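Subject: Structure handover and notes

Hello,

My notes come after it, for reading alongside the model.

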Amino acid sequence: MSPKIIFDTDPGIDDATALLFLNACRNIELLGITTVFGNGNIDTVTRNARYLKRRFSIAVPIARGADRALGLSASPPPIHVHGINGLGDVPIDENDLPPLDPRPAHRFIIDQVHAFPHEVTLLAVGRLTNLALALSEDPTIAKRVKEVVIMGGAFGLAGPNGNVTPVAEANIIGDPHAADLVFAASWPVTAVGLDVTRQVIMLPADIEILARDGGDAGRFIAEISRHYMTYHRRFGLDGFYVHDSTAVAFVLDRSLFETRKGPIRVATDGIAIGQTIMKDRSTFHPPGNWDDAPDQSIATSVDCDGVRRLLMEAYLTSDAAHLRTA
């Protein structure tokens with residue numbers, strides 16, 4: 001049975017690439033796209049989702065989601081990473097964008113989970129605000145969701161490795177209260193965090209292949225990736241990290257990953273705000289805030305070449321690529 005996926009996202013260059021990755025896969029059933037503030041404000045990222053739906057004929061509803069964090073004031077979007085328009089400042093045509101689903105994102109999530117009990121995977125690659133709002137409105141969905149897979153977190157498997165602070169990853173620090181609620185719920189969560197996504201690197205040669213042989217989607221990815229690669233060159237990287245698409249790859253083929261289980265909490269204030277911390281159950285600790293938290297999973301290693309191969313094959317063998325390069 002093909003997995004049923006709700007893609008919760010804030011497009012975003014890497015989010016757009018991940019959405020097109022999903023759209024190129026014929027062995028999944030995409031139920032809908034829900035948007036959340038993050039890589040741009042909610043108007044920007046929702047417009048980008050609508051644009052991608054129209055341009056690439058993504059035949060699913062889009063529901064507009066949260067425009068702010070649960071417990072923090074708004075911070076400016078990372079235009080130095082994704083550009084002012086969120087898509088690398090590549091010009092986009094905003095005319096005749098498809099309409100939105102009338103439901104807010106969290107209600108869309110609730111309705112789909114009840115419509116398909118124990119079948120829905122929530123694949124969240126932005127702030128976790130929509131998921132937390134859905135839980136708050138209807139806690140019963142935790143027992144009805146098949147699984148939650150997120151791109152988020154930095155668990156310091158090889159030392160501190162945050163990308164906003166030394167210990168915090170962007171999606172988690174963007175709404176740490178929501179993330180703490182999501183990890184504490186009684187649904188199965190797997191965090192595909194910076195510990196593995198920074199090991200998967202898309203190279204300039206890959207982008208050249210996509211631009212040449214990947215059809216309209218490949219050319220679009222090549223265009224928006226120019227801005228992304230310029231950002232990554234500041235850190236001496238020739239290419240860019242594959243963050244969100246690595247979480248998609250986990251849903252598609254988890255044999256490419258190893259995972260570890262344990263309770264997870266998120267720091268919601270102080271100097272370590274946004275830090276994701278997994279308790280090691282094999283080590284004795286006095287009673288504390290982790291004791292009642294359920295075991296969740298984190299990705300601890302990844303077959304980097306396998307993920308890149310999965311990603312490239314999806315684009316280069318998709319129906320869209322064949323039609324548009326014929």
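Predicted model: local features only at pLDDT ≥ 70, side-chain atom pairs only at ≥ 80, totals over all residues.

Residues are numbered from 1 along each chain as its sequence is written, and side-chain values use heavy atoms, with hydrogens and water left out.

Helix packing

Two packed helices are described by the angle between their axes and the distance between the axes. The axes here are lines fitted to C-alpha atoms, for helices over the stretch in contact, and the angles run from 0 to 180 degrees between N-to-C directions. Helices (H or I, at least four residues) and strands (E, at least two) are DSSP runs, numbered from the N terminus.

Helix α9 (residues 204-213) and helix α12 (residues 304-316) have axes that come within 10 Å and cross at roughly 15°. α9 and α12 are therefore roughly parallel to each other; angles under 35 degrees count as roughly parallel, over 145 as roughly antiparallel, 65 to 115 as roughly perpendicular and the rest as oblique. Their crossing is right-handed. A crossing is right-handed if the near helix is turned clockwise from the far one by less than a right angle, and left-handed if anticlockwise. On the α9 side, D206, I209, L210 and D213 meet R308, M312, Y315 and L316 of α12. The residues of this contact of α9 with α12 divide into five nonpolar, no polar and three charged. In that count Ala, Val, Leu, Ile, Met, Phe, Trp, Tyr, Cys and Pro are nonpolar, Asp, Glu, Lys and Arg are charged, and the others, Gly among them, are polar. Contact means heavy atoms within 4.5 Å.

α9 also packs with α10 (215-233). The axes of α9 and α10 come within 6 Å and cross at roughly 145°, and the crossing is left-handed. From α9 the contact uses P204, I207, L210, A211 and D213, and from α10 it uses G215, G218, R219, I221, A222, S225 and M229. Seven of the residues in the contact of α9 with α10 are nonpolar, three polar and two charged.

The crossing of α4 and α5 is right-handed. A105, H106, R107, I109 and I110 of α4 meet N130, L131, L133, A134 and E137 of α5. The residues of the contact of α4 with α5 divide into six nonpolar, two polar and two charged.

A covered helix

Helix α2 (residues 42-55) has 14 residues, which at 1.5 Å a residue should span 20 Å, and its end C-alpha atoms are 20 Å apart, which agrees. The expected span is 1.5 Å times one less than the number of residues. α2 is mostly covered, with 10 of its 14 residues buried. Buried means under 20% relative accessible area, exposed over 50%, and partly exposed in between (1.4 Å probe, protein chains only). The buried residues of α2 include I42, V45, R47, Y51 and K53. They pack against α1 (13-24), β2 (29-35), β3 (62-63) and α10.

Leaving aside neighbours within four places in sequence, H106 is in contact with N130, L133, A134 and E137. H106 and D8 are 98 residues apart in sequence and 9.9 Å apart in space, C-alpha to C-alpha.

T197 lies in helix α8 (residues 194-197) and is buried, with a relative accessible area of 0%. Beyond its neighbours within four places in sequence, T197 is in contact with M151, V192, Y241, V242, H243 and T246.

Backbone details

Most residues other than glycine have a negative phi, and most peptide bonds are trans. D96, in the loop between α3 (79-82) and α4, has a positive phi of about 55° although it is not a glycine. D96 counts as exposed at 71% relative accessibility. H118 has a positive phi near 65° and is found in the loop between α4 and β4 (120-124). H118 is exposed, with a relative accessible area of 51%. The peptide bond from P11 to G12 is cis, with omega near -5°, and G12 is in the loop between β1 (4-9) and α1.

Regards
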